[in-house]
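Subject: Structure handover

Hi,

Here is the structure I promised to pass on. Have a look at it first, and then read my notes below.

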Amino acid sequence: MNEDGRPVRVPLIVYELFEPVTDHAAAYAFTTVERLVAAFGEAQPWVVTSIGPLAEALGERGATVLLDPRVAHERHNWQPADLAAYAQEMR
């Protein structure tokens, strides 16, 4: 709540973790939006962040960051309808 007693919306960032070839969960990070789209398609929720704080936060939880990973192109995790539903849920 703010000083007027009204609720304040706090931004929430959710990281999707994957099980990589190693034994640790990982967040995939990309150096460009184009690389993200090439790996996972256009229907991706994403956020710009510094890799240092991201890696530190994940490291505290036993996870890591993979930068520009190669991924299988068989299926995208997020479809356009998924992204629309997620955006609606976050409002």
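Let me start with a salt bridge: the side chains of Glu60 and Arg61 meet in one, at 3.8 Å from N to O. The term means a side-chain nitrogen of Lys or Arg within 4 Å of a carboxyl oxygen of Asp or Glu. Glu60 is exposed at 60% relative accessibility, and Arg61 is exposed at 64%. For those words, buried is under 20% relative accessible area, exposed is over 50%, and partly exposed is in between (1.4 Å probe, protein chains only).

Before I go on, some housekeeping. This is a predicted model, where local features need pLDDT of at least 70 and side-chain atom pairs count only at pLDDT 80 or more, while totals for chains, interfaces and linings use all residues. Residues are numbered from 1 along each chain as its sequence is written, and side-chain values use heavy atoms, with hydrogens and water left out.

Back to the charged pairs. The structure holds two salt bridges, and the other one joins the side chains of Asp68 and Arg35 at 2.8 Å, N to O. Asp68 sits in the loop between β3 (64-67) and α3 (80-90) and Arg35 in helix α1, so this pair ties together parts that are 33 residues apart in sequence. Both partners are partly exposed: Asp68 has 24% relative accessibility, and Arg35 has 45%.

Now the overall layout. The protein chain has three helices and three strands, in the order β-β-α-α-β-α from the N terminus on. These are DSSP runs numbered from the N terminus: helices are H or I with at least four residues, strands are E with at least two. Of the 91 residues in the protein chain, 21% are buried. If you take contacts (heavy atoms within 4.5 Å) with a separation of 6 or more, 63% of them are between residues 24 or more positions apart.

What is packed inside? The largest nonpolar core has six residues: Ala27, Ala29, Leu54, Leu58, Ala63 and Val65. Another core lies apart from it and has five residues, including Phe30, Ala39, Phe40 and Val71. A nonpolar core here is a set of buried Ala, Val, Leu, Ile, Met, Phe, Trp, Tyr and Cys residues joined through side-chain atoms within 4.5 Å.

Tyr28 and Phe40 are stacked, 6.0 Å centre to centre with 20° between the planes. Since Tyr28 lies in strand β2 and Phe40 in helix α1 (residues 33-40), the pair ties together parts 12 residues apart in sequence. Tyr28 is partly exposed, with a relative accessible area of 22%, whereas Phe40 is buried at 7%.

Why is the pair of Phe30 and Phe40 edge-to-face? Because the ring centres of Phe30 and Phe40 are 5.9 Å apart and their planes are at 90°. Phe30 is in the loop between β2 and α1, and counts as buried at 19% relative accessibility. Together, Tyr28, Phe30 and Phe40 form one aromatic cluster.

That's it from me. Happy browsing!

Definitions and conventions
Phe/Tyr/Trp six-rings, centres within 6.5 Å; stacked < 30°, edge-to-face > 60°.
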